[in-house]
Amino acid sequence: MRRVVLRWVLCGLVAALCTGCLSGGSRNEGRAPGAPAGVTARAGSATSVHVMWNAVADPAVGAYEVYRGTEKAGEVPGTAHMLDVVRLAPSTAYVFTVRARDGDGRLGPPSREARATTPAAAAADRSPPTPPGSVTGRAVGSRAVQLSWSASTDDRAVVSYDVRQGGVRIHSVGGNQTATVVTGLRPGVRYAFTVRARDAADNVSPAGPPVRLTTARDGDEGAGTAPTGFRAAARLADGAYYIDLSWGEPQVDGVVTEYQIQLDGVPATSLVWGATPPSGQAAYSFYVGREKGAVHRVRLRARLPDGTWGAFSAERTVTTGPGAGTAAGTGTGG
């Protein structure tokens, strides 16, 4: 069996061999859950902030606790990974962290801090924004949908948009966004979504036109969750061959902090960013030996913010070959 030695080229990137990462059962059995990654905080109004995080990939997580500074601001079940923190002060900077708690009450370490500043309150503003228009959507595999809409208008400014499913607010995005991806859904289920606009005074618009979507059956991750623009090339350096990878992050709402690389049909490693992940394009390189003319197949996929794996990228084939310091591999696939 070919032995693959990994070498990091990204600052802050931590690799863990997938044999342990992807085996059955909880990775944290008998221990507290790990710290949630990808925590973000965005003002939803002058008095609220929407906090999101990536689900901890541990089935033992029973709940998530959200902290404002050192004070607990609320908690949600382990199946959720977002919370609206309300009753805040306008024009104020806040710091949030998230901790996972397992079914036995063990509390994991806090996440990295996420900061948000609420906007100023609008004096005597009682006029809600206009409803979002032209709401459209599509299923992105079995566990996610992509929604888009035309912007609302307001006499002051639209601060955020609320996405509702069955009348319940499940998601919020900034007022400068007119599209989002909602994850954490169930396979083969028909959903109805509406979008409402919100201003700094917490005035909420009427709902835009509803959009009804059915997620794909289980096993269809959906190409929309795959990394984009995936490229792979072989490189000769110091008498050894390396495969250089580059890709764009999937178009999902949230932060992607983990990728799985598959080499020659077998999971090779999971890549986990220990610091802030690169925005847009990412790159990674690993050693594949000294054999000239070796053919390798490589692809990768992302762990989505809801803790599930997205679709694989197109598979690329590279061949180690002549030309010190040159890209000797060629990519195949879509």
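How many cavities of 30 Å³ or more does the count give? One. Keep in mind that this is a predicted model. The largest cavity has a volume of about 40 Å³.

Who lines it? Glu249, Val256, Tyr259, Trp273, Pro277, Pro278, Gly280 and Ala282 line the largest cavity. By class, that lining has six nonpolar residues, one polar and one charged.

I'll take the second largest pocket. Its volume is about 520 Å³. It is lined by 30 residues, and the closest to its centre are Arg143, Asp306, Gly307, Thr308 and Trp309. What classes make up that lining? There are 12 nonpolar, 11 polar and seven charged residues around the second largest pocket.

Why look for spaces with a probe? Rolling a probe the size of a water molecule over the atoms shows where empty space is left.

Next, the aromatic rings. The structure holds seven aromatic pairs. I'll show two of them. Tyr94 and Phe96 form a tilted pair. Their centres are 6.2 Å apart, with 35 degrees between the planes. Are Tyr94 and Phe96 buried or exposed? Tyr94 is buried, and Phe96 is buried too.

The other pair is Tyr242 with Tyr287, and this one is edge-to-face. Here we have 5.7 Å centre to centre and 65 degrees between the planes. This pair links distant parts of the chain. Tyr242 sits in strand β18, residues 240-248. Tyr287 sits in strand β21, residues 281-289.

Tyr287 is at 23%, between 20% and 50%, so Tyr287 counts as partly exposed.

One more ring. Which charged end sits over the ring of Phe312? That of Arg299, at 3.8 Å from the ring centre.

Last stop, Ala120. Where is Ala120? Look in the loop between β9 (114-117) and β10 (133-139).

What does Ala120 touch? Leaving out residues up to four places away in sequence, Ala120 touches Ala46, Pro90, Ser91 and Ala200. Now find Thr92. Ala120 and Thr92 are 28 residues apart along the chain. Their C-alpha atoms are separated by 8.4 Å.

That's the tour. Questions, please.

Technical notes: Residues are numbered from 1 along each chain as its sequence is written. This is a predicted model: local features need pLDDT of at least 70, side-chain atom pairs count only at pLDDT 80 or more; totals for chains, interfaces and linings use all residues. Side-chain values use heavy atoms; hydrogens and water are left out. On a 1 Å grid over the protein atoms alone, a cavity is a set of points where a 1.4 Å probe fits but cannot get out, and a pocket is an open set with protein on both sides within 12 Å along at least five of seven lines; lining residues have an atom within 4 Å of a point. Grid points are joined across faces, edges and corners, and a volume is the space filled by probe spheres set on the points. Ala, Val, Leu, Ile, Met, Phe, Trp, Tyr, Cys and Pro count as nonpolar, Asp, Glu, Lys and Arg as charged, and the others, Gly among them, as polar. Rings of Phe, Tyr and Trp (its six-membered ring) pair if their centres lie within 6.5 Å; planes under 30 degrees apart count as stacked, over 60 as edge-to-face and the rest as tilted. Buried means under 20% relative accessible area, exposed over 50%, partly exposed in between (1.4 Å probe, protein chains only). Helices (H or I, at least four residues) and strands (E, at least two) are DSSP runs, numbered from the N terminus. A charge sits over a ring if NZ of Lys or CZ of Arg is within 6 Å of the ring centre and within 35 degrees of the ring normal. Contact means heavy atoms within 4.5 Å.
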